[in-house]
Amino acid sequence: MNKIAFFLSAGLTSLSLSVPAMAATKIQWWHAMGGENGAKLEQIAKGFNASQSDYEIVPVFKGTYDETLTGAIAAFRANQQPAIVQVYEVGTGTMMAAQGAVYPVYQLMKDEGEAWDQSKFIAPVVGYYSDTSGNVLSLPFNSSTPIMYYNKDVFKKAGLDPETPPKTWADVEAFSRTIMKSGAARCGFTSAWISWIQTENLNALHDKPYSTKANGFGGLDAEFTFNNDLTIRHWGNLKKWQDEGLFKFGGPGGGDNAPPMFYSQECAMYMNSSAGRAGVINNAKAFKVGFAPLPYYDDVIPQPLNSIIGGATLWTLKGRPEEEYKGVAKFFTYLQKPDVQADWHQFSGYLPITEAAYKLGQDQGYYEKNPGADIGIKQLTRVTPTDNSKGIRFGNYVQVRGIIDDEFATLLGGKKTAKEAVDSVVARGNEQLRDFQSAN
C-alpha cells in the first residue's frame with residue numbers, strides 16, 4: 001500500500017493513510033456464447049486479466065447472436081454500449097453501415113500503438129471482415145465453415161468404404177440410395193442451415209455470384225442474383241430427395257432437428273458447421289464419425305472453390321472513455337497469440353484464425369491425434385478466393401435468411417416449384433436490400 005502523510009498544522013499531527021493501488025479499468029465484452037464455449041471464453045478473459053494489472057475484461061452473456069446485436073444497438077442509442085461486442089457474420093453489413101458507432105480494429109490498433117499485421121490472418125477469414133480498401137474492421141474470433149459428417153459404421157453395413165466419403169452430389173445421392181436399400185439407415189442425409197450451407201456456400205463453391213457488386217462488398221446498391229440454374233437445380237433436388245426419403249429437412253434457421261437425426265443414426269450423413277465437431281463426437285459415441293468437405297456438382301465445376309465462413313468477430317464501439325481503448329487494443333493483441341488461438345480452436349472446434357495458430361496445432365500433432373479437425377481449414381484455404389467465394393455482405397440479411405427458410409418450406413410443402421421459390425427469395429430479398437439502402 002502507498003503511504004501518504006498529511007501534516008495537519010493545527011496540531012502538527014502526522015496522519016498516515018493507506019491508499020490502495022489504482023483499480024484496473026473495467027472493459028465490458030458482450031457476447032453470445034453459452035455452454036462450454038461460454039465458459040472457455042470467460043477463461044480466456046481471466047487469462048488476459050491475470051497477465052497484467054491495468055485492465056479487466058468483463059464478459060457479459062447477452063443471449064443469442066440476434067439478441068446480442070439488437071441489445072448492442074439499443075445500448076448505443078442510450079449511450080450505454082460496451083467497448084466490445086461479438087457480432088455474427090451476417091451482421092457485418094449492419095455494423096459497417098453504423099460508421100459513427102464503430103471503431104475499426106485496424107485504426108484502433110494503430111492509434112493505441114499495438115502491433116497489427118493482418119497478413120498473419122487466414123485470408124478467407126480476414127477478407128470477409130475487410131472494407132473495399134482491404135482494411136480489417138473487426139477482430140476475427142470464432143470463425144467456422146460448414147463440412148460433412150458421416151457415420152462410418154452405417155457405411156460399412158451398407159457395403160460402402162467407410163474411409164471414402166462422397167465427393168459430389170451424385171455420390172451423395174448414390175450413397176444414400178445404397179444405404180437405404182441395405183437397411184443400414186432410414187435416411188441418407190440431413191443438413192442444418194439451408195441458407196448458409198445449401199444456398200450461400202453452394203454458390204461460393206461453384207464460383208457463382210450471389211449478387212451484383214461483388215456479393216455486396218462493393219456497395220449497398222447490390223441486388224441478389226442467386227436465382228440461377230445451380231440454386232434452382234439444387235433446391236429442386238433437395239425437394240425430390242425429400243420426397244424419396246433420401247433427405248430429411250432439419251428445420252429452419254440452424255436446423256435444430258438435424259443433429260438428433262444424425263446422432264440417433266437415422267440419417268447417415270449430416271452437414272453443419274465445423275465448430276460442431278466436439279458436439280458431434282460427444283453425442284455420437286455409439287458409432288465412428290467420418291469428416292469430409294462439402295459435396296459439389298462436378299458437371300458445373302471440375303474442382304470446387306473454397307467454402308465461406310460463419311461465426312463471429314469482435315467489434316469495438318465508440319463512445320467509451322479513452323482509457324478503455326488502450327485496454328481493448330492490448331486484449332486484441334493477447335487474443336492473437338498463437339497459444340491462445342490454438343487453445344481456443346482446439347477446444348471449441350472453431351477455426352484457427354492465424355497461420356501461426358494453425359502451424360502450432362500441426363507442430364503439437366493435434367491434427368494427427370484428431371482426424372478431421374483440419375477438414376474445415378483445408379476446405380476454406382484450398383484456393384485463392386474469388387469475388388464469388390470471398391463471402392457475402394448485406395444489410396438486413398438476418399431477415400433475408402428468414403425469407404430463404406420461408407420459401408424453402410413452401411417448396412417442400414409442394415406449394416411452389418424450385419424456380420418459383422428461389423425467384424421469390426430473390427425478389428423479396430431485394431426489397432430488404434432496398435429498405436436497408438434507403439435507411440443508410
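Predicted model: local features only at pLDDT ≥ 70, side-chain atom pairs only at ≥ 80, totals over all residues.
Colleague: What volume does the largest pocket have, and which residues lie nearest its centre?

Modeller: The search runs on a 1 Å grid over the protein atoms alone: a pocket is an open set of points with protein on both sides within 12 Å along at least five of seven lines, a cavity is a set where a 1.4 Å probe fits but cannot get out, and lining residues have an atom within 4 Å of a point. Points are joined across faces, edges and corners, and a volume is the space filled by probe spheres set on them. For the largest pocket this gives about 1,000 Å³. Its lining comprises 37 residues, and Tyr65, Trp193, Gly254, Ser273 and Tyr350 lie nearest the centre. Two or more lining residues come from each of helix 1 (35–51), helix 2 (65–77), helix 11 (258–263), strand 11 (267–273), helix 12 (277–283), strand 13 (310–317) and helix 18. Helices (H or I, at least four residues) and strands (E, at least two) are DSSP runs, numbered from the N terminus.

Colleague: Which helix gives the most to this lining?

Modeller: Helix 18 does, with four residues.

Colleague: How many cavities of 30 Å³ or more does the search find?

Modeller: The whole structure holds two of them. The largest cavity has a volume of about 50 Å³, and its lining consists of Trp169, Ile197, Gln198, Leu202, Leu205, Met271, Leu294 and Pro295. Helix 8 (residues 196–205) supplies the largest share of that lining, four residues. By class, seven of the lining residues are nonpolar, one is polar and none is charged.

Colleague: Which residues line the second largest cavity?

Modeller: Glu89, Val90, Thr92, Gly93, Ile392, Arg393, Phe394 and Tyr397 do, around a space of about 30 Å³. That lining divides into four nonpolar, two polar and two charged residues.

Colleague: How many salt bridges does the count give?

Modeller: Side chains of opposite charge can pair when their charged atoms come close. A salt bridge is a side-chain nitrogen of Lys or Arg within 4 Å of a carboxyl oxygen of Asp or Glu. By this rule there are 22 salt bridges. One of them joins Lys330 to Glu114, with the closest N and O atoms 3.1 Å apart. Lys330 lies in helix 13 (residues 322–335) and Glu114 in the loop between helix 4 (105–111) and helix 5, so the pair ties together parts 216 residues apart in sequence. Asp406 and Arg428 also form a salt bridge, with 2.8 Å between the closest N and O atoms. Asp406 belongs to helix 18 (residues 397–412) and Arg428 to helix 19 (residues 418–439), so this pair ties together parts 22 residues apart in sequence. Finally, Glu173, Arg177, Lys240 and Glu244 are linked in a network of salt bridges.

Colleague: Where is Ser138 found, and which residues does it touch?

Modeller: Ser138 sits in the loop between helix 5 (123–128) and strand 7 (139–144), and is buried, with a relative accessible area of 0%. Contact means heavy atoms within 4.5 Å. Leaving aside residues up to four places away in sequence, Ser138 touches Val105, Tyr129, Thr313, Leu314 and Trp315. A polar contact is a pair of N or O atoms within 3.5 Å; within protein, one must be able to donate a hydrogen and the other to accept it, and residues adjacent in sequence count only if both atoms are side-chain atoms. The side chains of Ser138 and Thr313 make such a contact at 2.8 Å.

How values were computed:
Residues numbered from 1 in each chain as written. Heavy atoms only, no water. Buried < 20%, exposed > 50% of the residue type's maximum accessible area, 1.4 Å probe, protein only. Nonpolar A, V, L, I, M, F, W, Y, C, P; charged D, E, K, R; others polar.
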